[in-house]
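This report describes the sheets, helices and selected residues of one protein model. The sequence and the structure come first, and the description follows.

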Amino acid sequence: MTRVVVVGAGIVGTACARELTAAGCAVTVVERARPAAATTAHGEGNVLVSDKGPGPELELARLSLRLWPRLLETLPHAGAVEWDAKGGIVVATTPEGAAALRDFAAGQRAAGTTAAELDAAAFAEAEPHAVKDVAAAVHYPEDAQVQPAAAATALLGAAVSAGAVLRTGCEVTGAVTRGGRITGVRTTGGTVGADAVVNAAGPWSGGVAARLGVRLDVRPRRGEVLVTAPLPPTVFHKVYDADYVGAVGSGEAELQASAVVESTRAGTVLIGSTRRRVGFDDRIRPGVLSVLAGRALRLFPSLAGVPVMRAYGGFRPYVADHLPVIGPDPELAGLWHATGHEGAGIGLAAGTAAVLRDLLLGREPEVDAAPFRVDRPAVRPEGRAA
């Protein structure tokens, strides 16, 4: 039986643990703090195809979208995951934005994504509390949402029920190697032996890689979300402005902000999203929240005066070419990586875990894994770490 250590108990790590355990591996999940307490707990739970242009990330998203409902059927207490196939609507408010949105949607349709343009009347019917004067609106019925921490907890519970071991309060401090191969990890809670190690530490995966003796250029990118007080039904889809796609694809360190508005089953409205490269500075900036609120009001003027119950922020694992990192490390045999999803980790977790499982067990994945390889320039620009 293959012994696998998964480093990180966020959504990607727990999805990998669940898949590998189900495939017959003896899995130990090593988490420095608590499961689902970091990046996963600070996301919105989006499972999206609407924000991804044709290419490998869209293919991975489409695979995940197929896998998530099947996965939920196998999870205990799946209702707590709050799967909501609500669909998404992308809105452009200027003629230039409308032209770009239509071109983007056309490319997605050519790649197999359902993207239907809504006229003004159809948009008003779909979102009666939204701004009326829009230049274009495109409906993506495949978009969905989950409660991210609950989803990660359910995946971890399924893995543990199938025999996986969870070790919390264990921070990785180094690698145990023999003959150029990793044979375990040293942690603050002792040494854990393994035939394979999966680095799924999200924004901290670059630091974990360095401790294991390799370079992985994955860095934190900060994002913030506002949460309103519970409201009567107000927002019925995930609604965001077309600038969101550009913000996702930007590599700028400065603030990137766009309106992303959606409701939860509890009645609160989540308002995102921002992107800033500020290292691990976790301070909440009122000016950033003000920009966020202003963008949201352009889409939903009806939210003016609604109380904001809280604000939160978190770190996303950023890679310069905006693609996840999934696969074996070419410098250290037995080390694998599943990280770099930035803000898409919730939606891509199911597909990532399936691809990682297949690669680790010598199978052919359902999607081409080559674009996600570890040795590409964006991930390893300077080769092995000292």
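Leu-118 stands opposite Ala-137 in β6. The strands β5 and β6 (residues 136-140) pair in the antiparallel sense over three bridges, where two strands count as paired if DSSP finds at least two bridges between them. Helices (H or I, at least four residues) and strands (E, at least two) are DSSP runs, numbered from the N terminus.

The model is predicted: local features need pLDDT of at least 70, side-chain atom pairs count only at pLDDT 80 or more, and totals for chains, interfaces and linings use all residues. Residues are numbered from 1 along each chain as its sequence is written, and side-chain values use heavy atoms, with hydrogens and water left out.

**The eight-stranded sheet**

Strands β5 and β6 belong to an open sheet of eight strands with mixed pairing, in the order β5-β6-β4-β14-β15-β16-β13-β17. Its edge strands, each pairing on one side only, are β5 (116-118) and β17 (308-318). From one strand to the next, the twist averages 25°.

Two helices lie across strands of this sheet. Helix α3 (residues 95-110) lies across β4 (88-92), β5 and β6, and runs at about 25° to β6. Helix α8 (residues 286-299) lies across β4, β13, β14 (238-241), β15 (256-263), β16 (269-275) and β17, at about 60° to β15. For these angles, axes are lines fitted to C-alpha atoms, for helices over the stretch in contact, and the values run from 0 to 180 degrees between N-to-C directions. Contact means heavy atoms within 4.5 Å.

The expected span is 1.5 Å times one less than the number of residues.

| Helix | Residues in helix | First to last C-alpha | Expected span |
|---|---|---|---|
| α8 | 14 residues | 21 Å | 20 Å |
| α1 (residues 11-22) | 12 residues | 16 Å | 16 Å |

In α8, the residues Val-288, Leu-289, Leu-292, Ala-296 and Leu-299 are buried. Seen down the axis of α8, these buried residues fall within an arc of 95°, so they line one face of the helix. The arc is that of the directions from the helix axis to the C-beta atoms. Buried means under 20% relative accessible area, exposed over 50%, and partly exposed in between (1.4 Å probe, protein chains only). The buried residues of α8 pack against β4, β13, β14, β15, β16 and β17, whereas Pro-286, Ser-290 and Arg-298 on the other side of α8 are exposed.

In α1, 11 of the 12 residues are buried, so this helix is largely enclosed by the rest of the structure. Among the buried residues of α1 are Ile-11, Cys-16, Arg-18, Glu-19 and Leu-20. Just after α1, Gly-24 takes a positive phi of about 100°.

**The six-stranded sheet**

A further open sheet has six strands in the order β8-β2-β1-β12-β19-β18, and its pairing is mixed. The edge strands are β8 (165-168) and β18 (325-328), each of which pairs on one side only. Neighbouring strands of this sheet are turned by 20° against each other on average, direction ignored. Within it, strand β1 (residues 3-7) and strand β12 (residues 196-199) pair in the parallel sense over four bridges. The bridge partner of Val-4 in β12 is Ala-196.

**The β10-β11 hairpin and Thr-187**

With two residues between them, β10 and β11 form a hairpin. Strand β10 and strand β11 (residues 190-193) pair in the antiparallel sense over four bridges, and Val-185 stands opposite Val-192 in β11.

Thr-187 lies in strand β10 (residues 181-187) and counts as buried, at 10% relative accessibility. The backbone nitrogen of Gly-189 lies 2.9 Å from a polar atom of the Thr-187 side chain. The side chain of Thr-187 also reaches the backbone oxygen of Gly-190, at 2.7 Å. Both are polar contacts, that is, pairs of N or O atoms within 3.5 Å; within protein, one must be able to donate a hydrogen and the other to accept it, and residues adjacent in sequence count only if both atoms are side-chain atoms. Leaving aside neighbours within four places in sequence, Thr-187 is in contact with Val-30, Cys-170, Glu-171, Val-172 and Thr-173.

Glu-59 is found in helix α2 (residues 56-74) and counts as partly exposed, at 35% relative accessibility. Apart from neighbours within four places in sequence, Glu-59 is in contact with Ala-111 and Val-367.

Val-214 lies in the loop between α6 (205-211) and β13 (219-228). At 0% relative accessibility, Val-214 counts as buried.
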